[in-house]
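Visitor: Could we take a close look at a single part here, and follow it step by step?

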Amino acid sequence: MDLKKLTIEQLRTSFEEEGYIAEDEIVIPVYLALRLEKPILITGAPGVGKTEIAKVLARIFKTDLIRLQCYEGLDENKALYEWNYQRQLIKIQLIKESTSSELIEQNLFSPAYLLERPLLKAIQATRKNVLLIDEIDKTDEEFEAFLFEVLSDFQVSIPELGTIYARHIPIVVLTNNGERELSDGLKRRCVFLYIDFPSIEKEIRIIKTKVPQLEARLAEEVAGAMHYMRHHIDLKKKPSISETLDFANALVLMGAQRLEPEHIRQALNLLLKDKDDIDMFNKEVGPAELVEIVRSRLKR
Amino acid sequence: MQNSFEYNFARFVHILRHLGIKVSTGETITALRALELVDLLNKEHVKAALAATLIKNPDEQPIFTQAFESFFAVPEVKQQQREEWEEKRAEGRRLIEEADHDLVYEGETLSLTDEEKLFYARLPEDEKKRIKRYLESSKLPDDRYHSFKPMLEYQIRGTLRYWKQRLGEEDDNYYIPSLKVDDEVLASIIRELGEDDSNLLYEDMKKIRERDLPHVTNVLKLLSRKLATKISRRYRMSKKMVKIDLRRSIKANVRYGGIIFKLHYKQKRIQKPDIMLICDVSGSMARYAAFVIQFIYGLSSVVKNIESFIFAEELEYVTPYFMKIRPFEETMMELMGKSKIWGKGTNFNKSLKTLQEHYPLLLNSNTVVIILSDTKTLEIDQAAQELLKLKKSVKDIIWLNTLPYNEWKDLQSVAAFQRHCQMYECYTLAHLEKIIRKQFIH
């Protein structure tokens, strides 16, 4: 697909073809990021489909997805490049007595001894790819500063080799769980997209697309139950779309026709991942009451 | 010029900035480029494009939405906005004139600010008459006139401040409309935001209603989580491989004939700070009770090792109340029922002494103390000394002050405590959010 001729409608259709239900609020920021060649910063609770956007984009443009998973303590060596120290040492041992020292040094700092990490890989790639920088909020602030330098110019300076310019500016997707406030500098360079939990109607569509074996009525009940749990129970970690789909798949395996308290009881661990949340759910509502609430709401 | 697209766009950005959304010139240019790529006649597309390029924080979404809806309203609505605004301004001017007419000494108007005059105009009639009588009866010989007028103004200002505090605490509707807003769209957005129930971020927490509690709890929990992450992150040592551990490297590489083949690095130990929360629950803070408990509740649910205290005329240890997993309302009921100091007078000095005498083990160089209080206390000087002592034994003290910033200058206690801690205005969730966003721990 040619990026320069891309339209909003085309992008929306492509998303749907790849099984990602997206409305204007999602499609337009993604479209703008692609057309303006800017990174897109996606914020939202875990499991709402942030990372999935990068995967879908890679599939739509039939290109590689290069992933940089962030964690605390991640530094340039792990993200950009590193010299292959062991290989250099072996080389030194092998040619110690036969070559001049200047030549050894020249050879040792050549691309053959460079270990490419995801950022460099994305910059050096021979075709446009999707670079996913996942959970950027987990890194330290200094790494974030380094990152936005790379993202603003799409070039990297390696002292021994010189500056490497990107052959194709990658499609950059950054995801953020909102655990830490990101710097203004980084946010300013990105197009921003906030993905909230879906509405009941949207969630029903998602379930029907991803778990087509599930009965339509049951899909509505599942979406209703999820909506209620998110908005009416004081949970630490609200069940998100990925949990909904796990639950829906579990219901298929259980051969369920209608949502019953027993189903929730048996698959509660798929929905709530925290013991305190499970206790809170059982204390506040419980499976039987939840099913009753969902059914009475659907009747209305 | 005023009808040009660029002018209107710049004005919209200007309004967003006024509303506290940081929009840089770079972002403005990106937004303009984005608008070239969408259908300008499709309002939803324009809105999504502007939201994607101008705001960078989910919390800014409601403000942006309101600003967008008001700014890009249909002409009839705009006309209505303008009329309402003109009406408000005319009313403000009338009230100021009325105050100018009343607040006169020896035929000369007292020099008070517009805000003070507006406040005077909305005082109960009896009180206005009392002030007028006082001014009329204050006659002095001509030669002392010039030195007496400023004193009189000072006295009137003090009276107005007293009434502002009294009425402000009793009647939430007593706040005067500001005349500083010089734009009808901005005025309309601010009014709409104020009326919007879902927008609790900007609500003074003392006005919080019971039905809003669950929503506020959730927002507070989220903010507490951010605060906790920020505090712990700031103090974490970097894991970067900066220092080679020679001993371990040599040992590990003996098998390679002494060539250092595999490097080992020294890593500094990560140490999370211990957070101590000290919240004021005295009479003057009574209206913030729900906020205070929710703050402790929120922070306790995301930070495992947090020690919480409440204080009024004495200090009380309340950590155990927040250890059990249960709904917020239950925690609040139990705490308010069992506390012996709730709603009493404030003695910060005594409370700090108790803290240092009875809980010395909780105070160490790794402790970050967060105090939530309006600073109003007895024995201010002694309390400041105790605060200084506390500062020396802990890592940092952060004071979240529930008094509006413009009132700080009037209080001796603020000046005394501010010297020994980092103090921030904090009476809305938006303030708390802003504090968390700032780099406030050095």
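Visitor: In which strand of chain B is the place of Ile244(B)?

Guide: Ile244(B) sits in strand 3 of chain B, which covers residues 243-244; helices (H or I, at least four residues) and strands (E, at least two) are DSSP runs, numbered from the N terminus. Before going on, please keep in mind that this is a predicted model, in which local features need pLDDT of at least 70 and side-chain atom pairs count only at pLDDT 80 or more, while totals for chains, interfaces and linings use all residues. Residues are numbered from 1 along each chain as its sequence is written, chains are lettered from A and ligands numbered from 1 in the order in which they are written, and side-chain values use heavy atoms, with hydrogens and water left out.

Ile244(B) counts as partly exposed because its relative accessibility is 40%, where buried means under 20% relative accessible area, exposed over 50% and partly exposed in between (1.4 Å probe, protein chains only). Together with Leu246(B), Ile250(B) and Val254(B), Ile244(B) forms a nonpolar patch on the surface, with about 380 Å² of accessible area in all. Such patches are made of residues with over 30% relative accessible area and no salt bridge, like charges being joined within 9 Å and nonpolar side chains (Val, Leu, Ile, Met, Phe, Trp, Tyr) within 5 Å; the areas come from the Shrake-Rupley method with a 1.4 Å probe, and for residues only the protein chains shown count as cover.

The side chains of Lys117(B) and Asp100(B) meet in one, at 3.1 Å from N to O. This pair links distant parts of the chain, with Lys117(B) in helix 6 (residues 114-121) and Asp100(B) in helix 5 (residues 75-102), 17 residues apart. Lys117(B) counts as buried because its relative accessibility is 11%, whereas Asp100(B), at 25%, counts as partly exposed.

Helix 6 of chain B also holds Glu116(B), whose side chain meets that of Arg157(B) in a salt bridge at 3.3 Å, N to O.

Methods: A salt bridge is a side-chain nitrogen of Lys or Arg within 4 Å of a carboxyl oxygen of Asp or Glu.
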